[in-house]
Amino acid sequence: MAVKDGLEEAPAEATIPAAPAETSISAAPEEPAAPVGGCDQADNVCLYKNTEYGGPKKFFPVDNCVDDFRAVRTEEVLSTLNDSVSSVVNNSTKNIRLYEGTGRSGRYIEVLAGATVADLHVKELTVLNGDGSVASSPGEFNDVASSLCAV
Ligand SMILES: [Ca+2]
């Protein structure tokens, strides 16, 4: 590169071609969720303290079970996730369960692959007991989750 008057030109930014668009659009139900709430990493499960994917948040690779939200601080490090999750994005191809108790115990809900729940207060969920029987349907699951795992 030519240097003029001792000033080196900054190298031009390499032009990176846009990634090729997906050529086939699948309508399969396991299609990952549209990225909302910044949950744009494939195979992540994203939990938020507020409804509509707002507030302090924490993202997890779907293959890692998280057995105790009391030990998990949000990205904002304000507090733990325990008993405070109000919305969920499952941007993965696996169904997950959110459990009321630590160590995957107690009542749970399933959030299907690619699904989102904008407001866990809303009574439109099927809440199951640990033995798989229905605890409430429609039910809600706000501010109770303490562990999660893919199924
Ligand atoms: Ca709990």
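Proline 138 sits in strand S8, which covers residues 134–139. The bond that joins serine 137 and proline 138 is a cis peptide bond, with omega of about 5°.

Before I continue, please note that this is a predicted model, in which local features need pLDDT of at least 70, side-chain atom pairs count only at pLDDT 80 or more, and totals for chains, interfaces and linings use all residues. Residues are numbered from 1 along each chain as its sequence is written.

I turn now to the backbone angle phi. Aspartate 83 has a positive phi of about 55°, although it is not a glycine. Aspartate 83 belongs to the loop between strand S2 (54–61) and strand S3 (87–91). Is aspartate 83 buried or partly exposed? A residue is buried if 20 or more other C-beta atoms lie within 10 Å of its own, exposed if 12 or fewer, and partly exposed in between, with C-beta atoms placed from the backbone. Aspartate 83 counts as partly exposed because it has 13 C-beta neighbours inside 10 Å.

Arginine 104 is not a glycine either, and has a positive phi of about 55°. Its place is the loop between strand S4 (96–101) and strand S5 (105–111). Arginine 104 has 20 C-beta neighbours inside 10 Å and therefore counts as buried.

Which residues does arginine 104 touch? Leaving aside residues up to four places away in sequence, they are Asp67, Tyr99, Ser147 and Cys149; contact requires C-beta atoms, placed from the backbone, within 7 Å. The C-alpha atoms of arginine 104 and aspartate 67 are separated by 6.3 Å, while the two residues are 37 residues apart along the chain.

Finally, the core. A nonpolar core is a set of buried Ala, Val, Leu, Ile, Met, Phe, Trp, Tyr and Cys residues joined through C-beta atoms within 7 Å. The largest one here has 27 residues, and Leu98, Phe141 and Ala145 have the most contacts inside it. Strands S1 (44–50), S3, S4, S5 and S7 (125–128) each supply at least two residues of this core, and S1 gives the largest share, 4 residues. Phenylalanine 141 touches Leu98, Ile109, Leu120, Leu125 and Val127, not counting residues up to four places away in sequence.

How values were computed. Two residues are in contact if their C-beta atoms, placed from the backbone, lie within 7 Å.
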